[in-house]
Amino acid sequence: VEMTVVDKIVSRAASKVQNATDYGLEEIRNQTKVIPVLQARILFVRLLRDKDVPLRQIGVTINRDYASVRHLLEVYRNEYDTDSLFRKLANTVGLF
């Protein structure tokens, strides 16, 4: 089966996040709210959004609804602005 453009973006983003955090797509998709996994989820969502993946598609990818994805993007902005360790992690993940 041919990978779609979104599949390729998801795969690349998951790899970047896993390299930086040691958490992969399985952990990102589950319901845990443990902070390191939550941070990985937030970074993953941000990477997908930066590649213009629609919010609903991101939600399907991580087993969340549209509102949850929007919230994670807001949390990214807040954490990036206020938490130097999160900012360092985000900069390690980088953008595409």
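## The loop between α4 and α5

Asn 63 sits in the loop that joins α4 to α5. In this predicted model, the phi angle of Asn 63 is near 60 degrees, which is a positive value in a residue other than glycine. Asn 63 follows α4 directly in the description of that helix, again with its positive phi. Its relative accessible area is 48%, so Asn 63 is partly exposed; a residue must be over 50% to count as exposed.

A second residue with a positive phi is Asp 22, where the angle is near 70 degrees. Asp 22 is not glycine either. Asp 22 belongs to the loop between α1 and α2. With a relative accessibility of 64%, Asp 22 counts as exposed.

## Helix α4

Which residues of α4 are buried? They are Leu 55, Ile 58, Gly 59, Thr 61 and Ile 62. Looking down the axis of α4, these buried residues fall within an arc of 160 degrees, so they line one face of the helix. Arg 56 and Val 60 are on the other side of α4, and they are exposed.

The buried residues of α4 are covered by several parts of the chain, including α1 (5-21), α2 (25-29), α3 and α5.

## Helix α5

Helix α5 runs over residues 66-82 and has 17 residues. From its first C-alpha to its last, α5 reaches 25 Å, close to the 24 Å expected at 1.5 Å a residue.

Five residues are listed as buried in α5: Val 69, Leu 72, Leu 73, Val 75 and Tyr 76. Because the buried residues of α5 fall within an arc of 160 degrees when seen down its axis, they line one face of the helix. Asp 81 and Thr 82 lie on the other side of α5 and are exposed. The cover over the buried residues of α5 includes α3 (35-50), α4 (55-62) and α6 (84-93).

## How α4 meets α5

Two packed helices are described by the angle between their axes and the distance between the axes. For α4 and α5, the axes come within 8 Å and cross at roughly 95 degrees. The two helices α4 and α5 are therefore roughly perpendicular to each other. On the α4 side, the contact is made by Leu 55, Arg 56, Ile 58, Gly 59 and Ile 62. On the α5 side, it is made by Tyr 66, Val 69, Arg 70, Leu 72 and Leu 73. Sorted by type, the residues of this contact of α4 with α5 are seven nonpolar, one polar and two charged.

In α4, Leu 55, Ile 58, Gly 59 and Ile 62 are buried and take part in the contact with α5. Arg 56 also takes part in the contact, but Arg 56 is exposed.

## How α3 meets α5

Helices α3 and α5 pack at an angle of about 100 degrees, and their axes are 9 Å apart. Helices α3 and α5 are therefore roughly perpendicular to each other. From α3, the residues in the contact are Leu 38, Arg 41, Ile 42, Leu 43, Val 45, Arg 46 and Arg 49. They meet Val 69, Leu 72, Leu 73, Val 75 and Tyr 76 of α5. The contact of α3 with α5 divides into nine nonpolar, no polar and three charged residues.

The α5 residues named in this contact are also listed as buried.

Ile 42 is located in helix α3. Leaving aside residues up to four places away in sequence, Ile 42 touches Leu 72, Val 75, Tyr 76 and Phe 86. From C-alpha to C-alpha, Ile 42 and Val 60 are 15 Å apart in space, with a separation of 18 residues in sequence.

Ile 28 is part of helix α2. Its relative accessible area is 0%, and Ile 28 is buried. Not counting residues up to four places away in sequence, Ile 28 touches Val 17, Tyr 23, Ala 40, Arg 41, Phe 44, Ile 62 and Arg 64. The C-alpha atoms of Ile 28 and Arg 70 are separated by 16 Å, and the two residues are 42 residues apart along the chain.

Methods:
Residues numbered from 1 in each chain as written. Predicted model: local features only at pLDDT ≥ 70, side-chain atom pairs only at ≥ 80, totals over all residues. Heavy atoms only, no water. Helix = DSSP H or I, 4+ residues; strand = E, 2+ residues; numbered from the N terminus. Expected span 1.5 Å × (residues − 1). Buried < 20%, exposed > 50% of the residue type's maximum accessible area, 1.4 Å probe, protein only. Arc of directions from axis to C-beta. Contact = heavy atoms within 4.5 Å. Axes fitted to C-alpha atoms, helices over the stretch in contact; angles between N-to-C directions. Parallel < 35°, antiparallel > 145°, perpendicular 65-115°, else oblique. Nonpolar A, V, L, I, M, F, W, Y, C, P; charged D, E, K, R; others polar.
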